[in-house]
Amino acid sequence: MDEAALESFTEAIACLLIDTRRVVVFTGAGISTESGIPDFRSPGGIWTKYNPEDFTYQKFISKPETRRLTWQRFRDIPWTKVQPNAAHFAVAEMEKLGKLDCVITQNVDGLHRLAGNSADRVIELHGTVRWVVCLNCGKRWPREEIEGWLDRGVEIPLCDSCGGLLKSATISFGQAMPVRETEEAEERSRRCDLFIVIGSSLVVYPAAYMPVYAVQSGAKLVIINRDPTPLDSQAAVVVHAGAGDVMTEVLENVKAKLGIERG
Ligand code: ZN
């Protein structure tokens with residue numbers, strides 16, 4: 001995309017942001033590829049190396065061998081080293097400017113929090129790799145702590161309070177969506193005036209219903225994604241480009257309009 005085209009798109013998005021009160025951002029794998037995290041579903045992604053059918057929630061619960069393999073893979077991606085990129089920082093800046101109701105994410109990488117968004121404004125629909133949870137009593141540990149257990153030779157970690165099974169606090173294949181997060185995401189999607197999709201192809205349900213709820217409720221839709229999505233025709237602005245470049249420009253533009261000096 002040439003500079004002039006990018007500028008006209010970012011100008012249009014910045015105007016929408018200035019004019020709207022309640023803005024929801026919705027993010028998918030495309031916002032995190034610039035942090036070096038491969039899209040799990042794309043070529044080279046995790047699910048081209050492993051069969052998701054072998055790692056369902058039901059198999060994790062019922063088969064010790066599945067648990068052993070799952071914990072062996074716990075550090076396939078060095079999550080503790082992964083850092084937010086320009087697009088995450090731009091979304092965090094929206095919050096600082098009072099221009100963000102919440103960010104709803106399909107990602108499990110925890111990068112919106114690391115970029116500086118506050119906990120009560122990030123809805124993680126598919127959970128997070130940053131925590132490990134006891135499936136029996138709900139006790140939680142930071143990921144780093146459980147990595148320490150694995151380093152000491154523990155193969156299948158169990159809860160030190162109740163002996164229950166531990167699992168990464170992500171939503172696995174075959175596992176129910178988290179009720180509170182899903183309801184809150186739906187409610188905020190229906191209540192917003194502007195819904196901005198960043199880096200999602202909008203094909204994974206029920207997450208992909210969120211922009212549909214927003215549009216049904218009269219919100220304007222913006223889509224920033226490298227590839228076309230099924231909702232492109234319903235969007236006020238569609239940009240097929242990388243999230244980092246677009247969002248950085250959008251925020252520069254918004255700050256200029258608000259009379260805030262470029263940082
Ligand atoms: Zn427990």
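Lys167 is buried, at 5% relative accessibility. This lysine sits in strand 6. The model is predicted.

**Around Lys167**

Setting aside neighbours within four places in sequence, Lys167 is in contact with Tyr57, Phe60, Trp71, Val132, Val133, Leu135, Ser172 and Gln175. Pro157 is ten residues from Lys167 in sequence, and their C-alpha atoms are 8.5 Å apart in space. Why does Lys167 count as buried? The cut-off is under 20% relative accessible area, and Lys167 has 5% relative accessibility.

**The zinc site**

Four cysteines coordinate the zinc ion through their SG atoms: Cys134, Cys137, Cys159 and Cys162. The distances run from 2.3 to 2.4 Å. Which geometry does the site of the zinc ion have? The site is tetrahedral, with angles of 99 to 118° among the four donor atoms. Along the chain, the donors of the zinc ion follow the spacing C-x2-C-x21-C-x2-C. Cys137 and Cys162 link distant parts of the chain, 25 residues apart. Cys137 is in the loop between strand 4 (127–134) and strand 5 (140–142). Cys162 is in the loop between helix 7 (143–151) and strand 6 (166–170).

**Accessibility by residue**

The table lists residues discussed in this report.

| Residue | Relative accessibility | Class |
|---|---|---|
| Leu202 | 2% | buried |
| Lys167 | 5% | buried |
| Thr248 | 36% | partly exposed |

**Two domains**

The protein is divided into domain 1 (1–37 + 83–126 + 177–263) and domain 2 (40–76 + 127–170). Their C-alpha centres lie 29 Å apart. The contact takes eleven residues from domain 1 and seven residues from domain 2. The size of an interface is often given as the accessible area lost when the parts come together. Here domain 1 and domain 2 bury about 640 Å² between them. Of that area, 54% is on carbon and sulfur atoms. How many salt bridges are there between domain 1 and domain 2? The count is zero.

**The loop between strand 7 and helix 9**

Most residues other than glycine have a negative phi, and most peptide bonds are trans. Two backbone details in this loop deserve a look. Leu202 has a positive phi, near 55°, and is a residue other than glycine. Leu202 is found in the loop between strand 7 and helix 9. Is Leu202 buried or exposed? Leu202 is buried, at 2% relative accessibility. The peptide bond from Tyr205 to Pro206 is cis, with omega near 10°. Pro206 also lies in the loop between strand 7 (194–198) and helix 9 (209–216).

**Thr248 in helix 10**

Thr248 has its place in helix 10, residues 243–257. With a relative accessible area of 36%, Thr248 is partly exposed. What is Thr248 in contact with, leaving aside its neighbours within four places in sequence? The contacts are with Ala86 and Ala90. Thr248 and Glu186 are 62 residues apart in sequence, and 27 Å separates their C-alpha atoms in space.

Definitions and conventions
Residues numbered from 1 in each chain as written. Predicted model: local features only at pLDDT ≥ 70, side-chain atom pairs only at ≥ 80, totals over all residues. Heavy atoms only, no water. Donors = N, O, S within 2.8 Å, 3.2 Å for Na, K, Ca; no water. Tetrahedral: all angles 85-135°; square planar, octahedral: opposite > 155°, others 65-115°. Helix = DSSP H or I, 4+ residues; strand = E, 2+ residues; numbered from the N terminus. Domains from an automatic or database assignment. Contact = heavy atoms within 4.5 Å. Buried area = accessible area lost by both parts, 1.4 Å probe. Salt bridge = Lys/Arg side-chain N within 4 Å of Asp/Glu carboxyl O. Buried < 20%, exposed > 50% of the residue type's maximum accessible area, 1.4 Å probe, protein only.
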